[in-house]
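Subject: Structure for you to look at

Hello,

Here is the structure I said I would send, with the sequence. Please open it before reading on.

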Amino acid sequence: MENETIKKIADFLVEAEKEKKEVPRITAEYPDLSVEEAYAIQEELVNIRLGQGHRMIGPKMGLTSHAKMKQLNVDEPIYGYIFDYMVTDENVLHVNELIHPKVEAEIAFILSSDLEGPDVTTEDVLASTEYVVPALEVIDSRYQNFQFTLPDVIADNASSSRVFFGSVMKKPDEMELDLVGVTLAINGELRDLGASAAVLDHPANSVAMLANMLSRKGKKLKAGQVILTGGITGAQLLSQGDLVSAKWDGLGTVEFKVE
Ligand code: 0L1
Ligand code: MG
């Protein structure tokens with residue numbers, strides 16, 4: 001794919017996010033779009049955001065549950081990036097800034113040292129983790145009806161949109177990180193629940209896999225980055241007026257209102 005086309009598609013997706021307008025998936029026009037090309041579009045999109053003065057908080061992993069991978073018929077998760085404008089201190093999700101947001105509960109890792117693949121292990125990740133924190137990720141695919149193929153969603157920065165972090169921080173050795181139970185309620189009604197082993201058997205596996213995937217591009221995870229490891233619960237569609245409340249064993253509660 002020509003550089004000019006990569007740039008054109010990245011601009012198109014940035015514009016869709018800005019205009020809060022769902023758009024046809026890229027593969028409708030480019031049916032042969034490869035995963036490699038999709039990451040090139042994502043990289044261009046990241047450069048556009050950095051060029052606009054946004055700060056990258058860190059990468060995220062997506063499609064980390066066996067259920068989601070099966071749904072898209074893939075055997076490897078994907079990654080994208082979280083920027084400063086996606087994170088806010090107030091516990092409010094402004095729905096008029098988004099298209100069709102969904103929420104999922106995750107565990108985020110904050111690194112104390114760099115992690116560089118290709119052979120990063122789960123133990124390396126645990127040794128390089130300063131803290132883990134609970135996070136509610138809001139995903140908002142820019143595509144019509146939240147429907148896409150794997151290359152589409154990679155190009156669209158893995159549907160990244162907003163993140164709400166909790167205030168409880170734990171050292172990784174303070175918890176059984178694969179046995180964290182999570183409940184996700186909306187308006188007081190339990191919508192989903194899960195255990196953190198839903199994330200590639202252990203959320204630290206997700207970070208290790210991410211470091212190893214990035215190494216194929218000559219990239220690494222950096223100290224201080226906050227890494228979203230993937231949904232423990234399924235993603236739940238949000239509507240104006242919703243009160244979202246999630247609880248993690250040992251990591252407290254995160255809540256926000258949809259306005
Ligand atoms: O964070 C995620 O798991 C999202 C990955 C993209 C798939 C989706 O938008 O459902
Ligand atoms: Mg996610």
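Below are my notes, region by region.

Please keep in mind that this is a predicted model.

Ligand site

The shell around ligand 1 is made up of G62, L63, E137, I139, S141, V153, A158, S159, G230, G231 and A235. By class, these residues divide into five nonpolar, five polar and one charged.

Helix 3

Helix 3 takes in residues 35-51, 17 residues in total. From first C-alpha to last it reaches 24 Å, close to the 24 Å expected at 1.5 Å a residue. Its buried residues are A38, A40, I41, Q42, L45 and R49. An α-helix has 3.6 residues a turn, so residues three or four places apart point the same way. The buried residues of helix 3 are covered by elements that include helix 1 (3-19), strand 2 (78-83) and helix 6 (150-155). Just after helix 3 comes G53, with a positive phi of about 95 degrees.

The annotated domain and the sheet

An unreviewed UniProt entry annotates residues 99-258 as "domain: Fumarylacetoacetase-like C-terminal". In the model, that span is 16% helix and 36% strand, and its end C-alpha atoms lie 13 Å apart.

One open sheet has five strands in the order 3-12-11-7-8, with mixed pairing. Its edges are strand 3 (92-93) and strand 8 (189-195), each of which pairs on one side only. Strands of a sheet pair through backbone hydrogen bonds, either parallel or antiparallel. Strand 3 and strand 12 (residues 252-258) run parallel and are joined by two bridges. V92 has K257 of strand 12 as its bridge partner.

L184

L184 belongs to strand 7 (residues 181-186). Is L184 buried or exposed? It counts as buried, because 24 C-beta neighbours lie inside 10 Å, and the cut-off for buried is 20 or more. Leaving aside residues up to four places away in sequence, L184 touches A105, R191, D192, L193, T233, Q236 and A246. For a sense of distance, K18 is 166 residues from L184 in sequence and 29 Å from it in space, C-alpha to C-alpha.

Backbone points to check

Most residues other than glycine have a negative phi, and most peptide bonds are trans. The following places depart from that.

- The peptide bond from G117 to P118 is cis, with omega near 20 degrees. P118 sits in the loop between strand 4 (102-111) and helix 5 (122-127).
- N145 is not a glycine, yet its phi is positive, near 55 degrees. N145 lies in the loop between strand 5 (129-139) and helix 6. N145 is exposed, because its C-beta has 9 others within 10 Å, and exposed means 12 or fewer.
- F146, also a residue other than glycine, has a positive phi near 60 degrees. F146 lies in the loop between strand 5 and helix 6. With 18 C-beta neighbours inside 10 Å, F146 counts as partly exposed, since that class falls between the cut-offs for exposed and buried.

Regards

Methods: Residues numbered from 1 in each chain as written. Chains lettered and ligands numbered in written order. Predicted model: local features only at pLDDT ≥ 70, side-chain atom pairs only at ≥ 80, totals over all residues. Near = placed C-beta within 6 Å. Nonpolar A, V, L, I, M, F, W, Y, C, P; charged D, E, K, R; others polar. Helix = DSSP H or I, 4+ residues; strand = E, 2+ residues; numbered from the N terminus. Expected span 1.5 Å × (residues − 1). Contact = placed C-beta atoms within 7 Å. UniProt positions renumbered as here; feature names shortened; annotations may be inferred. Pairing = 2+ DSSP bridges.
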